[in-house]
Amino acid sequence: MAVLCNAISACSITHTLRVTSSKVAVCSSSRVSVPQLHLSDSPFVPEVNKAVDSLSKEFREVDNLVARNTARVLRAFQRVRVGSHHFGGSTGYGHEEAGGREALDEAFAEIFGAESAIVRAQFFSGTHAITCALFAFLRPGDELLAVAGAPYDTLEEVIGKRDSGGLGSLKDFGVEYREVPLAEDGGLDWDALKTSLRPHTKCALIQRSCGYSWRRSLSVTEIGQAINIIKMQNPSCLVMVDNCYGEFVDDIEPPMVGADLIAGSLIKNPGGTIAPCGGYVAGRKRWVEAAAARLSAPGLGVDCGSTPGDIMRTFFQGLYLSPQMVGEAIKGSFLIAEVMAARGYKVQPLSRVKRHDTVQAVQLGSRERLLSFCEAVQRSSPVSSFIRPVAGATAGYASEVIFADGTFIDGSTSELSCDGPLREPFSVFCQGGTHWTQWGLVLGEVLKSL
């Protein structure tokens, strides 16, 4: 036993805290025994330790990506001259707002390579922001063409692919819809895309992330190639990119390769896990203003809308933190893929493959395993760990869906979450993690449950 004593006072009382067989007694006015640290003891199960040891190259590459993207965000903040006066809230119409709204929009536009941006708490979700962008482009008689296969489930009623009950889908307003199916390898069908546009095709929709499809997510380079093919057929065709889960996963963003608009959610990548709500639309100025008119009303423009309380500060701070948070989510996705593939499960993307979004899919093959996986994630969460997630009907989804999201912000998938529709092939889609070690711990619980 090692004893550290305060030489001034005698040690008369000894309290022993037994955690391991080795003890250190620290004495001042009383003698306290504390556990000796064993730095070699790992909190991870052997499968996770093995995976971590094998991923050092990939983790280093992610750190370099984080540094490059953080530098880009920092330059924008400095150029816009972000100051503490920008963090104040506003009420009512928001006309007395102290410049934070304008500074945030300007910084966001620069970071994403866009002419303009609107970043607002009033966007309920990524689906809401995407809907505003689509309605900015499309009018009766136009056609919307989805060039990356079927869109995410929650857009089906927006488009009219699934009946919205006459509540105002694009189909209700006379907008036609078509899809270009994916190629057999899960990527874009380049040959079909070259002849896909029709004279009345007004907007091409590109979904960057996989959604609930078992397919590869698209790189920004691939998106740029698709935009070139679309514009060669019709330079007037507008391109809208669903950017959810893709922000800061690459060095560049879709407006830098020709996208007319992008849209997404602040409770995903660009909110840095601390933005409590909101979304964004960015791209060409004319169309950002049109999307803002859909969010509010024609004539109101972008200079209105209150942001009460401390929300504006979280938007700025979350945007600054987001490259780092996205980097940790990417590391977590590498770890999930490495561990689950070693157990014999199909994973998408494959282990060691460069990431193009923060989603990691694992094909579990049965309803029971999908439920068990999500239950294990919920048990390992900091919030509501005592709750057992139950699959059920969720607004916007055609199938029953199960969610595990013990998050501080409701629906903040960037914190750490997983979900999946209860349909073949029973895949779970994992996202987020403010540090890769969170998934390291969660996977230990997952492996025990499967």
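**Pockets and cysteines**

Q: What classes of residue line the second largest pocket?
A: The lining has 4 nonpolar, 2 polar and 10 charged residues. Ala, Val, Leu, Ile, Met, Phe, Trp, Tyr, Cys and Pro count as nonpolar, Asp, Glu, Lys and Arg as charged, and the others, Gly among them, as polar.

Q: And what am I looking at here?
A: This is a predicted model: local features need pLDDT of at least 70, side-chain atom pairs count only at pLDDT 80 or more, and totals for chains, interfaces and linings use all residues. Residues are numbered from 1 along each chain as its sequence is written, and side-chain values use heavy atoms, with hydrogens and water left out.

Q: What counts as a pocket, and as lining?
A: On a 1 Å grid over the protein atoms alone, a pocket is an open set of points where a 1.4 Å probe fits, with protein on both sides within 12 Å along at least five of seven lines. Lining residues have an atom within 4 Å of a point.

Q: Which residues are closest to its centre?
A: Glu102, Asp105, Ser116, Ala117 and Val302, out of 16 lining residues.

Q: Which element gives the most to that lining?
A: α3, with 5 residues. Helices (H or I, at least four residues) and strands (E, at least two) are DSSP runs, numbered from the N terminus.

Q: OK, the largest pocket. How much space?
A: About 1,100 Å³. It has 44 lining residues, and Ser125, Thr127, Tyr152, Thr154 and Tyr397 lie nearest its centre.

Q: Which element gives the most there?
A: α4, with 6 residues.

Q: Where does the largest pocket lie?
A: Between domain 1 (46-68 + 323-449) and domain 2 (77-319), because both give residues to its lining. Those bounds come from an automatic or database domain assignment.

Q: Switching topic. How many disulfides?
A: The count is 0, where a disulfide is a pair of cysteine sulfur atoms within 2.5 Å.

Q: Which cysteine sulfur is nearest to Cys237?
A: That of Cys203, 6.5 Å away.

Q: Is Cys237 buried or exposed?
A: Buried, because its relative accessibility is 0%. Buried means under 20% relative accessible area, exposed over 50%, partly exposed in between (1.4 Å probe, protein chains only).

Q: What about Cys244?
A: No disulfide there, and the nearest cysteine sulfur, that of Cys210, is 12 Å away. Cys244 counts as buried too, at 9% relative accessibility.

Definitions and conventions: Points joined across faces, edges and corners; volume = space filled by probe spheres on them.
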